Amino acid sequence: MHLLLPVLFALGAALSNALATVLQRKAALTVPRSDSLRAGLMLDLLRRPVWLVGIATVIVAAVCQAVALATGPMTVVQPLLVLELPLTLVIATVLLHGRLSSSGWAAVCAVVAGLAVALFAASPEGNRTYVPMDRWIPALAVCTAALAGLVFAALRRPAGRARAACFGLATAVAYAATAALMKTSMHSLDDGGVTAFLTTWQTYGFALFGGCALFLLSNAMQAGPLVASQPAITLGDAGVSLLLGITLYDEYLRGGWWLPLQVLGAALIAAGVLALSRLPLARALTGDQHEAAPAKAP
């Protein structure tokens, strides 16, 4: 029962992010399109109530994730955010009058079933509230080095799958580091109030890594097809978050005979995410045109 609150808030974060994606895409479809940067784009969007609701939903998602991390282990909260992609597509079928094929619904079921199997088999435990600096320094150094290496590798490649995957993995590392730092910041807020929250270095650390994540995400979306970037982001975030939860917060997973079930769950999630990212509806939501079918002649 002690995991009920973080699970509910993690699901709320995934649902809110999914809804925000669909609402913002719906608003973007109502403004004039342009192939170049247009200064009036933000003004057009600000006049769209749907876009404003989408921004509000992003804030709700951030609050839900913060509460989930403050009350539960990273090894539970972050993997649950994998549900954001299938939830986005399900919501889009309703709000954007899209359509999920039978294979799309099968992929949604694969992600949900895989997540359930993996979390049941792993049975994550632990919720440490204090992390000493001798753990933060090597963990953040490795994350920073990984970010630099992945960005360097991406920039050495032309636009396409490899470049998008490298930027996607970099985004995942930044997201996971943001979550790890946010968890400590929220504990500071809970223990010492706003003053403690604003004076702890982790607050500014998660703001920095969060800003990097958003910047890298935009580059990942522009660098290549969604089928290359989205699995790297979704699966990479969950994987790196597991490592940070174990190394920083002393969280642990069941081993022994439970490992094959965990691998099976992870394989189902990976297969489902990969299949979902190939769907035309998923590419339409991100504005991905790299693999879009050629337009028919009038």
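User: Which residues touch the most other members of the largest nonpolar core?

Analyst: This is a predicted model. The largest nonpolar core has 68 residues, and M74, L89, W136, L147, L244, L248 and L276 touch the most other members. Helix α8, residues 161-199, gives the most to this core, with 14 residues.

User: How many helices and strands does the protein chain have?

Analyst: The protein chain has twelve helices and zero strands.

User: Why is α7 called roughly parallel to α9?

Analyst: Two packed helices are described by the angle between their axes and the distance between the axes. For helix α7 (residues 133-155) and helix α9 (residues 201-223), the axes come within 13 Å and cross at roughly 15°. Angles under 35 degrees count as roughly parallel, so α7 is roughly parallel to α9. The crossing in which α7 passes α9 is left-handed.

User: Which residues of α7 and α9 meet?

Analyst: From α7 there are M133, W136, L140, T144, L147 and V151, and they meet W201, Q202, F209 and L216 in α9. The residues of this contact divide into eight nonpolar, two polar and no charged.

User: Why does T184 count as buried?

Analyst: T184 has a relative accessible area of 8%. Buried means under 20%, so T184 is buried. T184 is placed in helix α8. Apart from residues up to four places away in sequence, T184 touches V131, W136, Q202 and Y249.

User: How do you know that F206 counts as buried?

Analyst: The relative accessibility of F206 is 18%. That is under the 20% cut-off, so F206 counts as buried. F206 is found in helix α9. Its contacts, leaving aside neighbours within four places in sequence, are with T178, L181, M182, S185 and F197.

User: What separates the C-alpha atoms of F206 and T184?

Analyst: The separation is 9.7 Å, while F206 and T184 are 22 residues apart along the chain.

User: What makes Q262 buried?

Analyst: Q262 has 13% relative accessibility. The limit for buried is under 20%, so Q262 counts as buried. Q262 lies in helix α11, residues 259-277. Not counting residues up to four places away in sequence, Q262 touches A118, A121, A122, L253 and R254.

User: Where is R163, and what is R163 in contact with?

Analyst: R163 is placed in helix α8. With neighbours within four places in sequence left aside, R163 is in contact with A154, L155, R157, P158 and A223. R163 and P225 are 62 residues apart along the chain, and their C-alpha atoms are separated by 9.6 Å.

User: How many of the residues of the protein chain count as buried?

Analyst: Of the 298 residues, 45% count as buried. As for contacts between residues at least 6 apart in sequence, 81% join residues at least 24 apart.

Conventions: Residues numbered from 1 in each chain as written. Predicted model: local features only at pLDDT ≥ 70, side-chain atom pairs only at ≥ 80, totals over all residues. Heavy atoms only, no water. Core = buried A, V, L, I, M, F, W, Y, C linked by side-chain atoms within 4.5 Å. Buried < 20%, exposed > 50% of the residue type's maximum accessible area, 1.4 Å probe, protein only. Helix = DSSP H or I, 4+ residues; strand = E, 2+ residues; numbered from the N terminus. Axes fitted to C-alpha atoms, helices over the stretch in contact; angles between N-to-C directions. Parallel < 35°, antiparallel > 145°, perpendicular 65-115°, else oblique. Left-handed = near helix turned anticlockwise from the far one by under 90°. Contact = heavy atoms within 4.5 Å. Nonpolar A, V, L, I, M, F, W, Y, C, P; charged D, E, K, R; others polar.
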